[in-house]
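Q: Could we go through this structure feature by feature? I would like the general idea each time, and then the case at hand.

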Amino acid sequence: MGVVLLVIGIIVLLIIIWLMSIDGSYHVKKSIEINVSRQKAYAQIADFTSWPLWSPWLCMEPGARVEVTQDGKGVGAVNRWEGKLVGIGEIEHLNLNESESIDQEIRFVKPFKSRSEVYWRFNVVGEGCEVTWGMRGKMPFLFKFMAKKVAPWIGMDYERGLKMLKDLLEKGHIASSVRIDGVTSLDAFDFLAIKASCPMANVGESMKATFARISTFCDDKALNVDSAFSIYHKFDFSDPECTYSSGVPLSSVIRPGEGFYTDRYPEIKAVKVTFKGDYEHLGNGWAAAFMYLRTQKLKLNKKVDPIEIYLNDPSQEPDPANWETAIYIPIK
């Protein structure tokens, strides 16, 4: 028994030494240009009551409980939230410099306790402004090893939030709605596709090109297709490269042209999320799916790549607010 305790003690000591050697700090900063005055952008962000409209977290769980103090404005105003997906936390205005900067402190309670510095900067750019959203902090000691992973995910959340903020300020609305359908199944199907790789930031433009080629091929072969999809083979926000296949289901065997391939997507059990809105905001649906998977403690089926299926055709539906996409993340 003594030997076992000694071994355990040595392992614990080695883990502590390893954690002490890790820099658990992180700094995330994202910016976006918005075609409104910096005064208008500042006013939107300085008012906590507006945050549920564009929050990259509350869009995943609009039913989460939210409370604000001081009508959401001024130094000392606090925005608190609690939900199954978004956890528990609060953010407070520490310093407000009219139309130029906002300094805040964010305090998480769940999924783990931490404090971080949040800041906003507003700069005039042409007729509009550049809005910068940043966060500095340190992971709790036992979670220091997660710092390098957390930063890309926070950055992804900030990018999603800034895109929604831009739409709200420029258009007056955000074409994004998320519905978590939960655990379901997807039947197997045969397909024709093109495989491509590109930086994560360029996925949208890359897919436009691949789907244009697929559409031309289907027209030439007189293929009748009623849906389309994209399979994500390499999809990691800690890595700037994305590899995906975009294609269409097949009802019969065909000979693929140059640059195309055929295959069969297997029957799967999956977490399903239905996203309705502009593809620019599809990340909201994916974030909700992964957050649901984590909070429900479901295990990924890493043998099958996740897929998004486009339920209607943008060429037939001109309003992006009505575009529908089903997201499936395979689980065990």
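Q: Are Lys208 and Glu205 buried or exposed?

A: This is a predicted model. Exposed means a relative accessible area over 50%. In this model Lys208 is exposed, and Glu205 is exposed as well.

Q: What do the side chains of Lys208 and Glu205 form, and how far apart are the closest N and O atoms?

A: Side chains of opposite charge can pair when their charged atoms come close. Here Lys208 and Glu205 form a salt bridge, with the closest N and O atoms 3.3 Å apart. Both residues belong to helix α5 (residues 203-220), and because they are three residues apart there, about one helical turn separates them.

Q: How many salt bridges does the whole structure have?

A: A search of the whole structure gives 17 salt bridges. One of the pairs is Arg107 with Glu92, whose side chains meet at 2.9 Å, N to O. That pair links distant parts of the chain, with Arg107 in strand β5 (residues 101-110) and Glu92 in strand β4 (residues 87-97), 15 residues apart.

Q: Which other salt bridge does Arg107 make with a Glu side chain?

A: The side chain of Arg107 also meets that of Glu105 in a salt bridge, at 2.6 Å from N to O. These pairs belong to a network of salt bridges that links Arg80, Glu90, Glu92, Glu105, Arg107 and Arg115.

Q: Why does Arg107 count as buried?

A: The cut-off for buried is under 20% relative accessible area. Arg107 counts as buried because its relative accessibility is 12%.

Q: Where is Ser101, and which residues does Ser101 touch?

A: Ser101 is also a residue of strand β5. Leaving out residues up to four places away in sequence, Ser101 touches Tyr42, Asn95, Leu96, Trp120, Arg121 and Phe122. With a relative accessibility of 10%, Ser101 counts as buried.

Q: How should I read the backbone angle phi, and what is phi of Gln70?

A: Most residues other than glycine have a negative phi. Gln70 is not a glycine, yet its phi is positive, near 55°. Gln70 lies in the loop between β2 (65-68) and β3 (78-83). Its relative accessibility is 45%, so Gln70 counts as partly exposed.

Q: What is phi of Lys297, and where is that residue found?

A: Lys297 has a positive phi of about 55°, although Lys297 is not a glycine. Lys297 is found in the loop between α6 and β14. Lys297 is exposed because its relative accessible area is 75%.

Q: Which residues gather in a patch of positive charge on the surface?

A: The patch consists of Lys299, Lys302, Lys303 and Lys332. Lys299 sits in the loop between α6 (282-295) and β14 (307-310). At 61% relative accessibility, Lys299 counts as exposed.

Q: What does the secondary structure of the chain come to, and how much of the chain is buried?

A: The chain has six helices and 15 strands. Of its 332 residues, 43% are buried. The chain exposes about 17700 Å², and carbon and sulfur atoms supply 54% of that area.

Q: What share of the contacts joins residues at least 24 apart?

A: Taking contacts in the chain between residues at least 6 apart in sequence, 67% join residues at least 24 apart.

Methods:
Residues numbered from 1 in each chain as written. Predicted model: local features only at pLDDT ≥ 70, side-chain atom pairs only at ≥ 80, totals over all residues. Heavy atoms only, no water. Patch = residues over 30% accessible without salt bridge, like charges linked within 9 Å, V, L, I, M, F, W, Y side chains within 5 Å. Areas by Shrake-Rupley, 256 points an atom, 1.4 Å probe, with all protein chains shown as cover. Salt bridge = Lys/Arg side-chain N within 4 Å of Asp/Glu carboxyl O. Lys, Arg positive; Asp, Glu negative; His and termini not counted. Charge placed at Lys NZ, Arg CZ, Asp CG, Glu CD. Helix = DSSP H or I, 4+ residues; strand = E, 2+ residues; numbered from the N terminus. Buried < 20%, exposed > 50% of the residue type's maximum accessible area, 1.4 Å probe, protein only. Contact = heavy atoms within 4.5 Å.
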